[in-house]
Amino acid sequence: MNLAKHSQSSWQRTGLAERAAVCRRVIEYFEKNVDAISEEITWQMGRPIVYTPFEIIKGFKERANYMIDIAEKELAPMEVEDGNEFVRRVTKEPLGTILVLSPWNYPYLTPVNAVIPAVMAGNTVILKHADQTPLCAERFGAAFEYANAPEGVFQYLHLSHDQIPGIIQDQIIGGVAFTGSVGGGQAIQRAVGERFITAGLELGGKDPAYVAADAHVQKTAENLVDGAYFNSGQSCCGVERIYVHEKVYDELLDHFRSITAGYVVGNPTLHETTLGPMVRPSAASKAIDQLKEAVAMGGELLIPSGTFAEKAPPYFNPQAVIGVNHDMHLMQEESFAPVVGIMSVASDEEAIELMNDSPYGLSASVWTTDADRALSIGRKVETGTWFMNRCDYLDPALAWTGVKASGKGCTLSALGYQYLTRPKSYHLKLSL
């Protein structure tokens, strides 16, 4: 901890070009080691090996490079028009040491949102990774060592949940970036309650999709199946509720059923597998309980039994439930599993009302051929990110943020730097 504080003052004085060079070499390390890192992801949290390389070579690389590219502009002082008597400006100062608390489901995509821009802004970073994915923290450490970063600029700690509040209370910590559950976010909020520091919280989601009457149904179904089931449904912005206009409801169900049947569920280390296990048996058990309750309350399984061989948790075969309503936990509580409820609606207005009937607000999507309709509906939906004809994607040029129980704060985009810096004003009178 003291090393992070000691290193921060000198790192803050390091030129932006040198900070960028270090961060580019961090990216280079991950690219050089992508095969080994991909295998580690699969072994630690179960994502099929056919997909894991893309976390590094696509998302991680894209986000890191973008935040490096915009740093010079976004960290530049804000100049105020000067008169003959005064020089005035506002600089963007680092917060100090940022504690990054990262989850297991996207073990590199999530921390990169905070680690790289925090370092670029002149902060030092301490990373605590999820217990499920400890090797990912160590890979970050190896990457900064490969990049010849000064000692203390980046460190990682393996901690229990009970130890985290004590770390946050240390005066060295100038800000916290947390991604995880609502309960975890509440614990972080309590921990920072006695300190005046920034805590960015990206929490749960129950992200809805609305298929409008004019949607391209087959392509929409292809995207929604992927949005609901990729990473075994363990995505913060994965599709968890689908509302379909009654005019295209039956057609959407037919496509959804047939596309889902094409998945190969099994050992994630095999290249033919497209849906691996969930992260742990207890996670699958929670989703099974939601599924059983929905059926007991009148829901019907869309995917016929026998489509997939039965497997014990942590495996969970992809499933969708029709005949659902908002009294079911499946339509209200985060599932974080390859299961989704699909509901028919009579109008755009009904879809909007149902999409907003949730304690969460991370992302939401509409599927339509009319951009004006998409914008009109989007203005009325309570969400951090609004998609048209896509889902489950973070564009690094856009602010990643949530509303309601999905959290507060922001990562990525130009706005992401505002949560990793503080303003400092200079007001210089040139003569007395």
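Me: Which strands does helix H6 lie across, and at what angle does it run to E5?

Reply: First, the conventions. The model is predicted: local features need pLDDT of at least 70, side-chain atom pairs count only at pLDDT 80 or more, and totals for chains, interfaces and linings use all residues. Residues are numbered from 1 along each chain as its sequence is written, and side-chain values use heavy atoms, with hydrogens and water left out. Helices (H or I, at least four residues) and strands (E, at least two) are DSSP runs numbered from the N terminus. Helix H6 (residues 134–146) lies across E4 and E5, at about 155 degrees to E5. Such angles run from 0 to 180 degrees between N-to-C directions, with axes fitted to C-alpha atoms, for helices over the stretch in contact; contact means heavy atoms within 4.5 Å.

Me: In what order do the six strands of the open sheet run?

Reply: Strands of a sheet pair through backbone hydrogen bonds, either parallel or antiparallel. Here two strands pair if DSSP finds at least two bridges between them. The order is E5-E4-E3-E6-E7-E17, with mixed pairing. Strands E5 (154–156) and E17 (407–408) are the edges, each pairing on one side only. Helix H5 (residues 109–120) packs on this sheet, touching E3, E4, E5 and E6 (173–179), and its direction makes about 170 degrees with that of E3. Strands E3 (residues 97–102) and E4 (residues 124–129) run parallel, joined by six bridges.

Me: Which residues touch the most other members of the largest nonpolar core?

Reply: In soluble globular proteins, nonpolar side chains tend to be buried together. A nonpolar core is a set of buried Ala, Val, Leu, Ile, Met, Phe, Trp, Tyr and Cys residues joined through side-chain atoms within 4.5 Å; buried means under 20% relative accessible area, exposed over 50%, partly exposed in between (1.4 Å probe, protein chains only). The largest core has 85 residues, and Phe-30, Tyr-108, Phe-140, Phe-144 and Tyr-210 touch the most other members. Helix H5 gives the largest share, eight residues.

Me: How far apart are the ring centres of Phe-30 and Phe-140?

Reply: A pair of aromatic rings is described by the distance of the centres and the angle of the planes. Rings of Phe, Tyr and Trp (its six-membered ring) pair if their centres lie within 6.5 Å; planes under 30 degrees apart count as stacked, over 60 as edge-to-face and the rest as tilted. Phe-30 and Phe-140 are 5.3 Å apart, centre to centre, with 65 degrees between the planes, an edge-to-face pair. Phe-30 lies in helix H2 (residues 16–32) and Phe-140 in helix H6, so the pair ties together parts 110 residues apart in sequence.
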